Amino acid sequence: MPNPFARFTARFTTPALPQVVPGDVALVTGATSGIGAATATALVDAGFRVIGTSRDPQSPGAVANTPDHVELVPLDLGDPASIDRLPGELADIGVDVTGQAGPPVSVLVNNAGESQNGPLEELPRDALERLFQVNVLGHVEVTQQVLPGMRAQGRGRVVFVGSMLGSFPLAHRGSYGASKAAVKAFGFSARRELRPFGIGVSVMEPGAIDTGISQRRTVYIDRSGPYADEFDTMLTHLNANESAGIHADRVTAEIMRAVTSRRPKPLYAAGSSAGVAFPAARLLPRDAMHGIIAGRHGI
Ligand SMILES: NC(=O)c1ccc[n+]([C@@H]2O[C@H](COP(=O)([O-])OP(=O)(O)OC[C@H]3O[C@@H](n4cnc5c(N)ncnc54)[C@H](OP(=O)(O)O)[C@@H]3O)[C@@H](O)[C@H]2O)c1
């Protein structure tokens with residue numbers, strides 16, 4: 001007898017999808033540091049053929065920090081021409097993003113990103129454009145490149161690495177939070193678009209993760225301007241939270257769930273009391289939640 005609840009459950013639950021398998025190709029953007037390097041390592045350990053990216057794969061830092069057995073190709077998400085060259089770079093090592101002349105990319109972890117800081121009033125247009133090119137358009141365009149091969153293969157996983165600041169906005173980090181909220185919306189929308197093709201899409205929102213990213217933040221602040229004092233307080237707390245944050249491996253464990261699960265969830269999170277913050281946000285008034293986030297950053 002047909003299940004009378006079948007249509008109901010199909011609408012409200014995630015259906016099982018074909019799984020990616022060891023030997024499949026995984027592409028991790030920004031695999032020379034932090035979360036990307038840890039994820040590339042975990043994918044190698046799980047038996048995938050792992051290709052990582054770096055803006056400069058020959059640089060001593062990239063060579064030293066790239067995990068063993070990870071092949072590096074050049075990619076600068078801030079440069080549209082570099083993104084255009086990515087399918088050719090992959091073809092040179094035998095991977096065909098269409099899946100016709102070689103194995104396609106089966107797993108994409110959109111990880112590389114810029115951590116921008118500054119009050120809304122003082123963010124230069126060119127900085128905003130670069131941030132959205134790197135953190136949003138770059139992720140979207142790389143995903144567009146690999147989807148034909150995933151669809152042809154009938155299986156795939158895409159993970160967008162956002163940030164808890166995409167769910168919980170913080171003063172002086174509006175541009176960064178907006179870029180992460182944007183990839184979350186792309187991810188959640190694409191999730192339904194790609195389900196019929198056996199492709200799972202998830203968003204990973206890390207909290208404070210100890211990767212050293214504090215040394216690589218971009219900062220836009222007028223030191224003699226009206227926001228300087230509060231901005232510095234926020235940044236000091238942000239950097240302290242990061243260095244006291246959890247190890248990148250904890251984020252990687254969630255990303256691997258998204259990659260290996262038959263029913264990948266829409267959203268994964270780790271760090272910054274994520275297990276409390278997301279349920280609390282459903283109960284508390286928005287203003288109260290925003291106040292808690294600000295308070296954790298000293299303002
Ligand atoms: N760490 C945290 O507390 C935290 C919290 C929330 C979200 N996140 C997000 O998690 C992701 C990884 O963060 P992380 O802390 O691991 O960062 P990270 O240690 O600074 O590593 C960033 C990686 O991205 C690459 N990269 C940087 N700019 C790039 C660009 N324009 N184009 C292409 N690649 C670029 C870097 O490689 P090359 O220098 O070799 O090019 C590096 O491998 C980011 O999207 C970040 O926003 C981090």
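This is a predicted model: local features need pLDDT of at least 70, side-chain atom pairs count only at pLDDT 80 or more; totals for chains, interfaces and linings use all residues.

Colleague: Which residue does the side chain of Glu 254 meet in a salt bridge?

Modeller: First the idea: a salt bridge is a side-chain nitrogen of Lys or Arg within 4 Å of a carboxyl oxygen of Asp or Glu. Here the partner of Glu 254 is Arg 257, with 2.5 Å from N to O. Arg 257 has 45% relative accessibility, so this one is partly exposed.

Colleague: Why are Arg 257 and Glu 254 separated by about one helical turn?

Modeller: Because they sit three residues apart in helix H8, which covers residues 248-260.

Colleague: How many salt bridges does that rule give?

Modeller: The count comes to seven. One of them joins Arg 49 and Glu 71, at 2.8 Å from N to O. That pair links distant parts of the chain, 22 residues apart: Arg 49 belongs to strand S2 (residues 49-54) and Glu 71 to strand S3 (residues 70-74). Arg 49 is partly exposed, at 26% relative accessibility, and Glu 71 is partly exposed with 26% as well.

Colleague: What about Asp 232: which residue does it form a salt bridge with?

Modeller: With Arg 223, and the closest N and O atoms are 2.4 Å apart. Try the cut-offs again on this pair. Asp 232 has a relative accessible area of 29%, so it's partly exposed. Arg 223 comes out at 51%, which means exposed.

Colleague: Okay, on to helices. At what angle do H4 and H5 pack?

Modeller: For this you compare the directions of the two axes, each running from N to C. Helix H4 (residues 80-92) and helix H5 (residues 125-153) pack at about 20°, and their axes are 10 Å apart. Angles under 35 degrees count as roughly parallel, so H4 is roughly parallel to H5. The crossing of H4 past H5 is right-handed.

Colleague: Last one: which residues make the nonpolar surface patch?

Modeller: Phe 5, Phe 8 and Phe 12 do, and the patch is about 400 Å². Look at Phe 12, which you'll find in helix H1 (residues 6-12).

Colleague: Is Phe 12 buried or exposed?

Modeller: Exposed, because its relative accessibility is 58%.

Notes
Residues are numbered from 1 along each chain as its sequence is written. Side-chain values use heavy atoms; hydrogens and water are left out. Patches are made of residues with over 30% relative accessible area and no salt bridge: like charges are joined within 9 Å, nonpolar side chains (Val, Leu, Ile, Met, Phe, Trp, Tyr) within 5 Å. Accessible areas come from the Shrake-Rupley method with a 1.4 Å probe; for residues, only the protein chains shown count as cover. Helices (H or I, at least four residues) and strands (E, at least two) are DSSP runs, numbered from the N terminus. Buried means under 20% relative accessible area, exposed over 50%, partly exposed in between (1.4 Å probe, protein chains only). Axes are lines fitted to C-alpha atoms, for helices over the stretch in contact, and angles run from 0 to 180 degrees between N-to-C directions. Angles under 35 degrees count as roughly parallel, over 145 as roughly antiparallel, 65 to 115 as roughly perpendicular and the rest as oblique. A crossing is left-handed if the near helix is turned anticlockwise from the far one by less than a right angle, and right-handed if clockwise.
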